[in-house]
Amino acid sequence: MMKMSTAEMEKLNVSMRETSDKRLYERYLAVRLRFEGHSFEEIGHLLNRTRQTISLYWQAYQERGLAGLEMDHSPGQPTKLTDEQRSQLGAMLEQKTPVDVGFEARHTWTLPLVAEWIKMTFGVTMSVRGISAMLGRMNFSFTKATYSLVRADADAQALFRKQTFAQLKKQVEAEEIDHLLFEDESMIRSYQALQYNWFPRGRQRKVPTYGKHEGAKLFGAINYETGQVHHREEEKADVAAFVRFLEDLLSVYPSGKMALILDNSRIHHAKALQPFLKKHPRLQLVFLPPYSPNLNPVEGLWLWLKADVVNNVFFEKFYKIKLHVSQFMNRINKNPMETIDRLLVRL
């Protein structure tokens, strides 16, 4: 654990006394508690923040001192639901249908039903428009349902959460693991799925195409602690391409043990991969239970990417796909807290 000099502690104490900014005071306090030996989880519990948020405060202080804690933020208008209530709402929408919580013969969540549930559960009255805006900020959208993998083992997934992943987090806290990342691959085509969007009633947006089907395989990884995203574009997802992406990650994180959580794709278990892993013993692959994309936040990253910059567009030139992907990755890496809030906070 890094030690703070007497002069640094005095400077921190003075800054805490002089600031009138509650958010900035919170960051100062988080740093002080960390120097006093508290873990990220303990500090997060005390300040009602996620451990990733505390980790970002600490990283910012280590990189730039007190100036690094002066992060820009826009408080905006006060919301009508607390963070805890929004979290409860999000979990309910994700895990239950209306009929599960008392709405007879209703299986689809609509804004009026959500408003009724909020009133019934929290005693808070919200407008349909206000709920729509709030759900947008929570990364919810009015979207089609899909089928789930019936071969998924719920017990294996629960065991992964409670034991494997919990142990990995403890190792990160104890600094036995220096970098904890999730990894996945996806295909981006010259034209992706068409999705719902606002348009004049009775008409449809038309997306011109040229009959081409160019595309690229994307390799992506999210740092669980910092929210930073790393990606690589390849023509195909084979073992050689996967090795090149692993080399990228080892270059980004040149020292310390790295644990990479990933699915059971064939290339992840390939025999041809073993010499590379033996050459780099600080890299550990941790496999998710079979059929468990819901446990990998990179799946959410692909949905976010496609919804923001790929769907409803035809790219007549392949380089434009790569340009849009790179612009998206650069944008989200400028605000890693958004990535944490959207993809990592529920893990």
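Trainee: In this predicted model, what is the handedness of the crossing of helix 2 and helix 3?

Mentor: Helix 2 (residues 22-35) and helix 3 (residues 40-47) pack with their axes 10 Å apart, at an angle of about 145°. The handedness of that crossing of helix 2 and helix 3 is right-handed.

Trainee: Are helix 6 and helix 7 roughly parallel or roughly perpendicular to each other?

Mentor: The axes of helix 6 (residues 111-122) and helix 7 (residues 128-137) come within 9 Å and cross at roughly 95°. Because angles of 65 to 115 degrees count as roughly perpendicular, helix 6 and helix 7 are therefore, relative to each other, roughly perpendicular.

Trainee: Which element gives the largest share of the lining of the second largest pocket?

Mentor: The second largest pocket has a volume of about 530 Å³, and of the 21 residues that line this pocket, Ser 55, Trp 58, Gln 62, Asp 178 and Glu 225 are the closest to its centre. The elements that give two or more residues to this lining are helix 4 (51-64) and helix 8 (154-173). The largest share, 5 residues, comes from helix 4.

Notes
Residues numbered from 1 in each chain as written. Predicted model: local features only at pLDDT ≥ 70, side-chain atom pairs only at ≥ 80, totals over all residues. Heavy atoms only, no water. 1 Å grid on protein atoms, 1.4 Å probe; cavity = no way out; pocket = protein on both sides within 12 Å on 5 of 7 lines; lining within 4 Å. Points joined across faces, edges and corners; volume = space filled by probe spheres on them. Helix = DSSP H or I, 4+ residues; strand = E, 2+ residues; numbered from the N terminus. Axes fitted to C-alpha atoms, helices over the stretch in contact; angles between N-to-C directions. Parallel < 35°, antiparallel > 145°, perpendicular 65-115°, else oblique. Left-handed = near helix turned anticlockwise from the far one by under 90°.
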